[in-house]
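Trainee: Please take one part of this model and go through it slowly with me. I'd like a close look at the place where the two chains meet.

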Amino acid sequence: MFEKVGRDLVWRFRIGPITVALNPATLGTALGVSLVLVFLALWLRRALPKDPEAPPPRRLVPLIFLVDFVENQVLSGTNEKLRRSLLPIIATLFLFVLGCNLSSILPIPGMVAPTQDLNVTLGLALLVYLLTHVYGMRTKGISRHLRGYLEPIPVMLPMNLIGDIGRTLSHGFRLFGNILGGAIMTTVASPVMVEVLLRLLGPILAVPAIPIIGIGVTFFLNGFFGIFYGVIQALVFTLLAAVYIQAAAE
Amino acid sequence: MGPELVQAFKYLAAGLCMGIGALGPGFGEGRIGAQAIESMARQPEMANTILRTMIIADAIDETVGIYSLIVAIMILFVA
C-alpha cells in the first residue's frame, strides 16, 4: 500500500557538478493547474464589459465573489494602498494552491497533488518570504527594514533570524503535511472503511453491495480530505502569507 | 536485534509519535474554537475579524501536530 508514498518516479539530470531531480508527476500537474488558470483568466477577460459601469455578465460572478472575498476577508486589516498592491499576488497564490489541492481528487492514475511535494510548498513559502522583504523594503526603506531585526534590543538579532527561518519552514511544512496526511488517510482508510461497511451493510443490501459502498466511501473520503481540507488549507496558506507580508510592511 | 524487531519498533514509534503528538493540538484547537464561538456570540458584529484570527491561531497551533506527522512519516518510510 505504501510503496508509492515518497518514492515517486523521479528524473535525475547532471548539470555540471550538481544533480537536479525532477518529479514529472508533480511538475506536470502543477503546469496543468497553471495552464487551466491561465486559460480561465483569458476566457474571463474576454467577458469584461467595455464600460465599467455596465452590469457584469453572469460568468464573472464567481470572480467578483473571489476578489471580494480576498479583499475583505484575507486582506482585512491592511491599509488601502497595500491592499491594492497585494490583491493580485495573494489571489493568484490562493487560486494556484487551491487548484493544486483540488487536483488530488481527479481520478487520473499517477496524478498526485503538487502540494504533496515538499519542494512545491517550500518553494511557495520561500516566495512569500522573499515578498515580505520586498514589501518591507518598499514601504519602510532598506535601512529601516533591516534595522527591524535589531528590535527590541540588538541582542535579539539571532532570535529574529531563527524566527524567520522557523516561520518560513513551518509555512511550507504545514501545507505539505496537511495534504500528504489527507492523501495517506484516503489511501489507508478506504479499504478499511469498505471492508467494515461491507460486513455491516452487506447482508442488508440485497443489490450488489461493493459498488455502492465503494462509491460512497470514495465520495466521502475525497470530499472530506480532498475538497474540505484542500479549501481550508489553501485559505490558511494565503491568510498566513498575507499576515506575514503585512507584518513586514507596516 | 533482528530486522523484524526493528521494523516492529518503527511501527510502534510512529504510532506513539502521532498519537501523543495529536493530543496537544487537538486540545488547543478545541479551546481556540470554543473561545472564538463564545466571542462571536457575544459580539456578532466582530465575527469576520474573529474568524480570521481564529483560522490563523488554528494554523499555528496545528503546526505541532504536523511536525509529529512528518516525524512519524520519516520514521516509517525514510529512516
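**The A–B interface**

Mentor: Start with the head count: 23 residues of chain A are in contact (heavy atoms within 4.5 Å) with 14 residues of chain B. Keep in mind that this is a predicted model, in which local features need pLDDT of at least 70 and side-chain atom pairs count only at pLDDT 80 or more, while totals for chains, interfaces and linings use all residues. As for bookkeeping, residues are numbered from 1 along each chain as its sequence is written, chains are lettered from A and ligands numbered from 1 in the order in which they are written, and side-chain values use heavy atoms, with hydrogens and water left out.

Now the area. About 1600 Å² is buried between chain A and chain B, and carbon and sulfur atoms give 67% of that; buried area is the accessible area (1.4 Å probe) that two parts lose on being put together, summed over both. On the chain A side, look up Q73(A), R174(A) and L239(A): they supply 27% of what chain A buries against chain B, more than any other three residues.

What about charges and polar groups? Between chain A and chain B the salt-bridge count is zero, a salt bridge being a side-chain nitrogen of Lys or Arg within 4 Å of a carboxyl oxygen of Asp or Glu. Polar contacts do turn up: six residue pairs across the interface, both partners at pLDDT 80 or more. That label takes N or O atoms within 3.5 Å; within protein, one must be able to donate a hydrogen and the other to accept it, and residues adjacent in sequence count only if both atoms are side-chain atoms.

Next, the elements (DSSP runs numbered from the N terminus: helices are H or I, at least four residues, and strands E, at least two). On chain A, α2 (61-74), α6 (157-201) and α7 each supply at least two residues of the side touching chain B. The biggest giver is α6(A), with ten residues.

Helix α7 (residues 209-249) of chain A has 41 residues and reaches 58 Å from first C-alpha to last, close to the 60 Å expected, taking 1.5 Å times one less than the number of residues. Along the way, α7(A) bends by about 35 degrees at G223(A), the bend being the angle between axes fitted to the seven residues ending there and the seven starting there.

Since R84(A) sits in helix α3 (residues 80-102) of chain A and E71(A) in α2(A), the pair ties together parts 13 residues apart in sequence. Over all chains, the whole structure has four salt bridges. In α3(A) there is also a kink of about 45 degrees at L86(A), shortly before the proline P88(A).

Finally, confidence. Mean pLDDT (the predictor's confidence in each residue, from 0 to 100) is 84 for chain A, with 96% of residues at 70 or more, and 89 for chain B, with 99% at 70 or more. The model as a whole scores ipTM 0.77 and pTM 0.84.
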